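Dear colleague,

Please find the structure below, with its sequence. The notes that follow set out what was computed from it.

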Amino acid sequence: MHGISVAIPSVDTLIEKLTQALKPYFPSDLLPAKQPIIVGIETGGYWIAQAIHRAIKPATDLGHLNITFYRDDFTKIGLHPTVKPSSLPTNIDGKTIILIDDVLYSGRTIRAAMNEIFDYGRPQRIVLAILIDRGEREIPIQADIVAETIRLEPNSHIKLDGPDPLQLTVKSNGS
Amino acid sequence: MAANIQLDENGRLRHFLSIEGLNREIITEILDTAESFTSVTDRIIKKVPILRGKTVANLFFEASTRTRSTFELAEQRLSADILSLNVDTSATVKGESLLDTIRNLEAMQIDMFVIRHKDSGSAHFFAQHVRPGVSVLNAGDGQHEHPTQAMLDMYTIRHHKQDFTRLRVAIVGDIMHSRVARSQIHALNILNTAEVRVIAPKTLLPIDTESLGVQLYDNIEQGLRDVDVVIMLRLQKERMRGAFLPSEKEYFNLFGLTQERLNRARPDAIVMHPGPANRGVEIESSVMDGSQSVILQQVGFGISVRMAVMSMIVGQSSRGLSSRGQSSLQGSA
């Protein structure tokens, strides 16, 4: 086996880092109607968002985005009908959305997610929070909050398994 | 119908022509996919970009309101550009002129055809002659099949009853002339429905019904006993001229669905009808509007099911929207 071995902190530690970084968005004197909406991207992002939502306990329910219908490679990879459809808990007009995903790589997932969000309404702001940023963007999208930045070889792949337990694994494909 | 040209070499949908020849896996996938589209309707912008940049032509050689409008809405909700043509059948002679129609429309760079035609097999004919990469959906061909209608009926049944293997389903009416019934029977059998009954006057039963794997009843009171689902078919008035039936009134007396008759089914039985319904001919008005009727729900489900079929066809075509020049998209995050 070759390829670099990457030391990855535990998922719990990274989620805790994100939670602490996101807490300032939920000051205790903020009216429930003004609070941000936490939205997780299917599937890994949603698992992380669930944990963060449990820790922060905001007024609104957790949102769920399944971006399958918005992927730019839809005609190549097709549908995955087993994943559940998107649902946002409330009207998002004028709200802050905290968008959560597990790995930020090409940036295409986030582009698709934002396209989908704007079909639900016009949020005032979208904050992007990411567990792992592995770089190598293909479009100009950057996260606002990143728990961990790592570099991987081009052919390797980082994946969040879950939901119980949540675990990050790095696989090297091209070897 | 001949070889299953609706599937590609990997067994995935390429066209959607008939329920016959599909397996349970694909039918279940259509139902699951349709379910994921229902949420699109709840949003401010009721659109997803799956068919963006694609052109769909709806060719209706035969009148239709419900099927055509739900196909159009499904296409629009998938962001397709659409073209709807009512083609005057009287001017069309089957064969060469149908081919001419295909060629002319192909010259307009149509990606997908939705076709309804009075001749059985017309959708297959179309599918055999379109260019590679162009798909055909059957919106009803003669007395052969109406597969998207059957799929929305299966969706409705699953929505209310979940497990097909425990269900008794009765289809009542003009089975012989009904492409809907034919598609439904295939779909119910593929989904392993416990019992499928057809209830009709003997003159309106096709000869080969028994080979379709159904129980025959020519008495509605007996046929409805303990069923979970009642599917009424439209009495096709245009066929009434023959010796099939004495009169509409007598048909209602013998086979019309009244509340009294419906009470022989299970108390939680649902009543379905593909439309358009003839009130007072095959179904009593109060049953049609009653609490067991899911007839209007069927119409709404028709949009999601048609979105599902079209997106599965596009999602599987490696030819579609090609030349993106993008590598390593799999798993891009």
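**Chain A: a loop residue and a helix**

Ile150(A) sits in the loop that joins E5 and E6 of chain A, where helices (H or I, at least four residues) and strands (E, at least two) are DSSP runs numbered from the N terminus. This is a predicted model, in which local features need pLDDT of at least 70 and side-chain atom pairs count only at pLDDT 80 or more, while totals for chains, interfaces and linings use all residues. Residues are numbered from 1 along each chain as its sequence is written, chains are lettered from A and ligands numbered from 1 in the order in which they are written, and side-chain values use heavy atoms, with hydrogens and water left out.

Ile150(A) counts as buried because its relative accessibility is 5%; buried means under 20% relative accessible area, exposed over 50%, and partly exposed in between (1.4 Å probe, protein chains only).

Which residues of H1(A) are buried? They are Val11(A), Leu14(A), Ile15(A), Leu18(A), Thr19(A) and Leu22(A). These residues lie on the same side of H1(A) because they cover an arc of only 140 degrees around the axis, the arc being that of the directions from the helix axis to the C-beta atoms. Their cover includes helix H2 (44-56) and strand E3 (96-104) of chain A; here contact means heavy atoms within 4.5 Å.

Chain B contains eleven helices and nine strands. Of its 333 residues, 56% are buried. Among contacts between residues at least 6 apart in sequence, 75% join residues at least 24 apart.

Five strands of chain B form an open sheet in the order E7-E6-E5-E8-E9, with parallel pairing; two strands pair if DSSP finds at least two bridges between them. Strands E7 (215-217) and E9 (270-272) of chain B stand at the edges with a single partner strand each, so one side of each has no neighbour in the sheet. From one strand to the next, the twist averages 20 degrees. Angles run from 0 to 180 degrees between N-to-C directions, and axes are lines fitted to C-alpha atoms, for helices over the stretch in contact.

Strand E8 (residues 229-232) of chain B pairs with E9(B) in the parallel sense over three bridges, and Val229(B) stands opposite Ile270(B). Helix H5 (residues 147-161) of chain B lies across E8 and E9, at about 170 degrees to E9(B).

**Chain B: buried positions**

Thr148(B), in helix H5 of chain B, counts as buried at 0% relative accessibility. Beyond four places in sequence, Thr148(B) touches Phe16(B), Phe71(B), Asn138(B), Val305(B) and Arg306(B).

Val169(B), in strand E5 of chain B, is buried with a relative accessible area of 0%. Leaving aside neighbours within four places in sequence, its contacts include Val229(B) and Ile231(B).

In helix H8 (residues 248-255) of chain B, the buried residues are Tyr251(B), Phe252(B) and Phe255(B). They are on the same side of H8(B) because their arc around the axis is only 100 degrees.

Yours sincerely
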